[in-house]
Amino acid sequence: MHLLIVAAGSGSRMGADRNKLLLPLAGRPVLAWTIDAVMGADSITWVGIVGQPVDRAMIMELLAEAAKPVVWIEGGSTRQESVERGLQALPSVAQHVLIHDGARCLAEAALINRCAEAVVAGEAVIAATPVTDTIKRVDGQGIITGTPDRAELWAAQTPQGFAVEQLKQGHAEAQAKGWTVTDDASLYERLGWPVQVLEASPANIKVTTPFDLTVAEAVLALRAKRQIGL
């Protein structure tokens with residue numbers, strides 16, 4: 001299984017002066033925790049890091065002792081473009097791929113393996129968790145216009161996994177038609193292709209704000225205590 005880590009973001013919403021993935025979290029860069037999970041997943045045999053040139057030296061330093069083959073891929077100006085570049089950089093033998101956001105640093109190796117197993121079985125799949133909040137649809141004036149049925153709502157996460165050739169085809173269609181999507185599952189939806197939800201832990205958050213760093217640090221501390229039996 002091949003895996004692309006999308007790490008070409010910025011620190012704008014974090015209020016940081018650098019890529020948020022290089023901010024400290026429990027004594028290590030955020031991205032280091034993501035890499036740990038990927039390297040710990042037995043299903044993954046090849047990793048591509050999609051990032052910006054300014055971050056290359058620092059990111060590759062985190063991978064100096066990586067146990068699996070890692071390739072640097074220069075990202076684009078959007079997530080969609082970065083994923084497309086990542087797909088083009090895959091080895092020619094790659095049949096399946098997982099896409100994982102570098103900011104989801106609490107993903108666990110077991111989740112990555114479950115996603116890989118589903119993709120190899122022939123499914124397009126995304127990790128996700130059922131929504132527990134009541135969601136309101138609101139118009140441009142801040143007025144509530146509806147309340148979707150919570151039973152039908154899931155919060156999308158990563159990894160997301162697909163057959164390589166089909167995903168490449170989807171990105172080519174998007175480019176030809178000028179579509180902009182926020183994740184690859186959304187691209188499949190627009191094309192009418194099925195995507196299976198694989199239930200994951202709500203702890204698999206995307207680190208985007210300073211509060212997320214606080215939550216992530218608490219989760220990592222709890223995991224550390226469990227490992228030593230406290």
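This is a predicted model: local features need pLDDT of at least 70, side-chain atom pairs count only at pLDDT 80 or more; totals for chains, interfaces and linings use all residues.

Me: What describes two packed helices?

Reply: Two packed helices are described by the angle between their axes and by the distance between the axes. Here, α5 (residues 164–177) packs with α6 (residues 184–191) at about 75°, and their axes lie 10 Å apart. Angles of 65 to 115 degrees count as roughly perpendicular, and α5 and α6 are therefore roughly perpendicular to each other.

Me: Which residues of α5 and α6 make the contact?

Reply: From α5 come Gln 166, Leu 167, Gly 170, His 171, Glu 173 and Ala 174, while α6 contributes Asp 184, Leu 187, Tyr 188 and Leu 191. By class, five residues of this contact are nonpolar, three are polar and two are charged.

Me: Is α6 mostly covered, or mostly uncovered?

Reply: Helix α6 is mostly covered, with six of its eight residues buried. These are Asp 184, Ala 185, Ser 186, Leu 187, Tyr 188 and Leu 191. Their cover includes α3 (79–88), the strands β6 (96–101), β7 (125–130) and β10 (154–163), and α5. After α6 comes Gly 192, with a positive phi near 75°.

Me: How much space lies in the second largest pocket, and which helices supply at least two residues each of its lining?

Reply: The second largest pocket holds about 240 Å³ of space. Helices α1 (30–40) and α7 (210–227) each supply at least two lining residues. The lining, which includes Trp 33, Asp 36, Cys 105, Glu 108, Arg 223 and Gln 227, divides into seven nonpolar, two polar and three charged residues.

Terms used:
Residues are numbered from 1 along each chain as its sequence is written. Side-chain values use heavy atoms; hydrogens and water are left out. Axes are lines fitted to C-alpha atoms, for helices over the stretch in contact, and angles run from 0 to 180 degrees between N-to-C directions. Helices (H or I, at least four residues) and strands (E, at least two) are DSSP runs, numbered from the N terminus. Angles under 35 degrees count as roughly parallel, over 145 as roughly antiparallel, 65 to 115 as roughly perpendicular and the rest as oblique. Contact means heavy atoms within 4.5 Å. Ala, Val, Leu, Ile, Met, Phe, Trp, Tyr, Cys and Pro count as nonpolar, Asp, Glu, Lys and Arg as charged, and the others, Gly among them, as polar. Buried means under 20% relative accessible area, exposed over 50%, partly exposed in between (1.4 Å probe, protein chains only). On a 1 Å grid over the protein atoms alone, a cavity is a set of points where a 1.4 Å probe fits but cannot get out, and a pocket is an open set with protein on both sides within 12 Å along at least five of seven lines; lining residues have an atom within 4 Å of a point. Grid points are joined across faces, edges and corners, and a volume is the space filled by probe spheres set on the points.
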